[in-house]
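Please look over the model below before reading my notes. They are written for someone new to protein structures.

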Amino acid sequence: MTILVTGGAGFIGANYVLDWLTAGNEPVVTLDALTYAGNLASLAPLNGDARHTFVHGSIGDQALVGRLLRSHDIRAVVNFAAESHVDRSISGPAPFFETNVMGTLGLLEAVRNHLAALGDGARQDFRFLHVSTDEVYGTLGPADPAFAETNPYQPNSPYAASKASSDHLVRAYRETYGLPVLVTNCSNNYGPLQFPEKLIPLVIHNALANKALPVYGDGLQVRDWLYVGDHCSALRRVLEAGMPGETYNVGGDNQKTNIEVVRTICTLLDARRPKADGTSYANQITHVTDRPGHDRRYAIDARKIERELGWRPATSFTEGIARTVDWYLGNASWVDDVTSGAYRDWIKRQYG
Ligand code: NAD
Ligand code: TYD
């Protein structure tokens with residue numbers, strides 16, 4: 001049988017597809033619309049690999065998804081496809097609702113119609129794994145307990161609101177139509193293949209290009225950093241053993257302020273690629289106007305997935321961030337590929 005991965009040319013999806021085909025031999029169909037965030041170069045190691053099929057298209061195209069489900073005998077869908085960048089959702093919310101809400105609706109409808117035509121056994125074994133975010137829970141104060149699966153949804157950005165809506169749709173399809181769904185809400189991912197609009201790859205890219213390292217506001221916002229390889233292993237485990245209808249929070253157990261993260265990257269680069277003039281990359285740090293509605297702190301309580309499925313993150317921040325910096329230093333051509341015209345337009349609009 002085969003799994004369908006949507007958004008598999010994006011950051012986490014590409015890591016997941018590569019990881020899946022390293023860990024086993026079950027074929028993968030990747031469906032991706034190839035927006036600015038999708039990159040076939042990320043899947044280049046699979047060129048010529050008969051276990052992988054790439055299909056260019058949208059999750060909202062029900063007819064296409066229906067054909068893929070039937071013709072590839074799909075047993076599980078892992079849904080990564082989304083508009084994912086908070087700052088873009090602030091400057092233009094509409095595409096977030098088109099993809100994250102209407103797209104997810106189309107995907108769910110295609111799966112519902114497909115399952116209606118299957119026998120009981122195949123229907124029960126089918127899985128729809130929806131990959132979501134901790135941002136649906138809103139923001140935490142410094143002493144608040146970390147987000148548990150039972151926290152109320154309080155999204156603060158258009159991105160978070162669109163993901164919250166998609167989570168609600170997935171839940172409703174379980175309750176109303178009995179779809180065998182699983183939902184994961186994870187914290188900020190980092191690692192290889194992340195588009196350099198997100199904090200960590202943006203800082204690495206700007207540092208090497210001798211540009212300002214933009215830190216929003218005081219830089220004391222806290223994120224719980226999850227190494228992407230650990231996220232992939234969590235998703236594999238949830239797909240394998242998760243209970244349909246359940247939600248699992250996935251975190252890295254690595255709470256850091258943004259300024260700590262940026263300073264750590266500068267220290268790593270100082271050692272690995274010292275600047276010709278002998279100064280530190282940290283001199284490029286620039287505090288800029290804060291993001292509107294900026295959530296102060298995210299932290300994940302991942303005890304449920306540990307207790308029920310035996311999963312824990314394996315990568316410390318020290319190890320993961322060093323691996324990430326080394327990956328970007330060693331893959332300048334991937335970065336050059338993705339930082340072409342459209343990327344430069346965004347950077348100019350966002351940072352002036
Ligand atoms: P990304 O922006 O790097 O990739 C998204 C991918 O989806 C791209 O390849 C894009 O082309 C594709 N896509 C967009 N619209 C599509 C459509 N209509 N049909 C098919 N494909 C489409 O995102 P990411 O960082 O890899 O995130 C993947 C998922 O994980 C998202 O759902 C996101 O909300 C969630 N998530 C991400 C993080 C994070 O830190 N990156 C944290 C929590 C949750
Ligand atoms: P980001 O990578 O955009 O992820 P998210 O907003 O989903 O958490 O941002 C991570 C943190 O870094 C967030 O608190 C915003 C901050 N940030 C900056 O300070 N400067 C930047 O240029 C960017 C892109 C983010």
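Predicted model: local features only at pLDDT ≥ 70, side-chain atom pairs only at ≥ 80, totals over all residues.

1. Residues are numbered from 1 along each chain as its sequence is written, chains are lettered from A and ligands numbered from 1 in the order in which they are written, and side-chain values use heavy atoms, with hydrogens and water left out.

2. D73 sits in the loop between α2 (62-71) and β4 (74-79); helices (H or I, at least four residues) and strands (E, at least two) are DSSP runs, numbered from the N terminus. D73 is not a glycine, yet its phi is positive, about 55 degrees. Its relative accessibility is 46%, so D73 counts as partly exposed (buried is under 20% relative accessible area, exposed over 50%, partly exposed in between, with a 1.4 Å probe and protein chains only).

3. N210 belongs to the loop between α7 (199-208) and β8 (213-216). Its phi is also positive, near 60 degrees, in a residue other than glycine. N210 counts as exposed because its relative accessibility is 55%.

4. D134 lies in the loop between β5 (127-133) and α6 (158-177). D134 is buried but has no salt bridge (a side-chain nitrogen of Lys or Arg within 4 Å of a carboxyl oxygen of Asp or Glu). R223, the nearest side chain of opposite charge, is 6.8 Å away; Lys and Arg count as positive, Asp and Glu as negative, and His and the chain ends are not counted. Leaving out residues up to four places away in sequence, D134 touches F147, N185, C186, S187, N188, Y298 and I300, where contact means heavy atoms within 4.5 Å.

5. Where is empty space left? Rolling a probe the size of a water molecule over the atoms shows this. On a 1 Å grid over the protein atoms alone, a cavity is a set of points where a 1.4 Å probe fits but cannot get out, and a pocket is an open set with protein on both sides within 12 Å along at least five of seven lines; lining residues have an atom within 4 Å of a point. Grid points are joined across faces, edges and corners, and a volume is the space filled by probe spheres set on the points.

6. The count is 1 cavity of 30 Å³ or more. The largest cavity holds about 50 Å³ of space, and its lining includes E135, R223, D295 and Y298.

7. The second largest pocket holds about 300 Å³ of space. Of its 14 lining residues, E149, Y153, R171, G245 and T247 lie nearest its centre. The largest share of the lining, 5 residues, comes from α6.
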